[in-house]
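Here are my notes on the fold, taken point by point. Please read them with the model open.

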Amino acid sequence: MRRAICPGSFDPLHLGHCAVIHRAARLFDEVVVAVSTNPNKTHRFSEQTRIELVREVFADEPAVVVEPLESGLIADYAERRDAVALVKGLRNGADYDYELPMATMNRSLTGVETVFLPGEPSLLHVSSSLVMEVAALGGDITSFVPQPVLRAVLAR
């Protein structure tokens with residue numbers, strides 16, 4: 001089985017994330033969406049809520065598994081999960097510049113490859129923080145997030 005890891009905080013999950021995960025599921029037998037919690041970051045939703053939302057969105061996608069990302073290095077986690085690749089979506093050159101050194105380090109550590117998927121052109125402007133900012137200011141985020149996430153954001 002060819003397994004890939006798609007790591008992220010998904011705080012919240014948006015349609016750009018969904019497009020990358022769906023595309024990765026066509027490339028690999030299994031995609032583990034590894035939901036991370038960064039202790040240096042203030043999360044809008046708890047880890048459990050983020051996991052539940054991602055699971056709900058991908059409930060009909062048998063190749064997608066959702067779980068919390070264990071602490072430690074992503075390269076070690078990928079090795080423990082027998083993953084052949086990490087999958088990262090890129091919206092622009094700044095994302096590439098940020099991700100490339102990490103991809104190179106991860107490959108140096110355990111040999112895990114990183115697959116970069118270009119973002120969906122119509123969603124290149126979408127980020128989790130921008131979605132939450134727009135929502136906080138009363139803007140309509142319907143076209144940027146899946147329905148379960150929209151309900152969760154509006155309930156806050």
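**Notes on the strands, helices and cysteines**

1. Start with strand β1. Arg3, Ile5 and Pro7 point one way from β1, while Ala4, Cys6 and Gly8 point the other way, and all are buried. Buried means under 20% relative accessible area, exposed means over 50%, and partly exposed lies in between (1.4 Å probe, protein chains only). In a regular strand the side chains alternate between the two faces of the sheet. β1 is thus described as mostly covered, with six of its six residues buried.

2. A word on the basis of these notes. This is a predicted model, in which local features need pLDDT of at least 70 and side-chain atom pairs count only at pLDDT 80 or more, while totals for chains, interfaces and linings use all residues. Residues are numbered from 1 along each chain as its sequence is written, and side-chain values use heavy atoms, with hydrogens and water left out. Helices (H or I, at least four residues) and strands (E, at least two) are DSSP runs, numbered from the N terminus.

3. Next, the partners of β1. Strand β1 (residues 3–8) runs parallel to β2, and six bridges join them. Two strands pair if DSSP finds at least two bridges between them. Ala4 stands opposite Val31 in β2. Pro7 has Ala34 as its bridge partner in β2. β1 also pairs with strand β4 (residues 83–90), in the parallel sense, over three bridges. There, Ile5 stands opposite Leu86 of β4.

4. Strand β2 (residues 30–35) is mostly covered too: six of its six residues are buried. Glu30, Val32 and Ala34 point one way from β2. Val31, Val33 and Val35 point the other way. Note that Glu30 is among the buried residues.

5. How are the strands connected? β1, helix α1 (residues 15–27) and β2 form a right-handed β-α-β unit. Right-handed means that, with the strands pointing away from the viewer, the path from the first strand over the helix to the second runs clockwise. On its other pairing, β2 runs parallel to strand β3 (residues 64–68), and five bridges join the two. Val32 stands opposite Val65 in β3. From β2 the chain crosses through helix α2 (residues 47–57) to β3, and this β-α-β crossover is right-handed.

6. Which residues of α2 are buried? They are Arg50, Ile51, Leu53 and Val54. Seen down the axis of α2, the buried residues fall within an arc of 165°, so they line one face of the helix. The arc is that of the directions from the helix axis to the C-beta atoms. An α-helix has 3.6 residues a turn, so residues three or four places apart point the same way. The buried residues of α2 pack against β2, β3 and α6 (147–155). Contact here means heavy atoms within 4.5 Å.

7. Cysteines. A search of the whole structure finds zero disulfides. A disulfide is a pair of cysteine sulfur atoms within 2.5 Å. Cys6 is in no disulfide, and its nearest cysteine sulfur, that of Cys18, is 10 Å away. Cys6 is buried, with a relative accessible area of 5%. Cys18 counts as buried as well, at 6% relative accessibility.

8. Helix α4 (residues 93–110) holds Met102. Met102 is partly exposed, with a relative accessible area of 35%. Met102 and Glu120 are 18 residues apart in sequence and 22 Å apart in space, C-alpha to C-alpha. Arg107 is also found in α4. Leaving out residues up to four places away in sequence, Arg107 touches Val112 and Glu113.

9. Ser128 is found in helix α5 (residues 128–136). Is Ser128 buried or exposed? It is buried, with a relative accessible area of 14%. Ser128 touches Asp11, Pro12, His14 and His17, not counting residues up to four places away in sequence.

10. Last, the record. UniProt lists residues 5–133 for "domain: Cytidyltransferase-like", in an unreviewed entry. UniProt positions are given in the numbering used here, feature names are shortened, and annotations may be inferred rather than shown by experiment. The end C-alpha atoms of residues 5–133 lie 28 Å apart, and the span is 43% helix and 22% strand.
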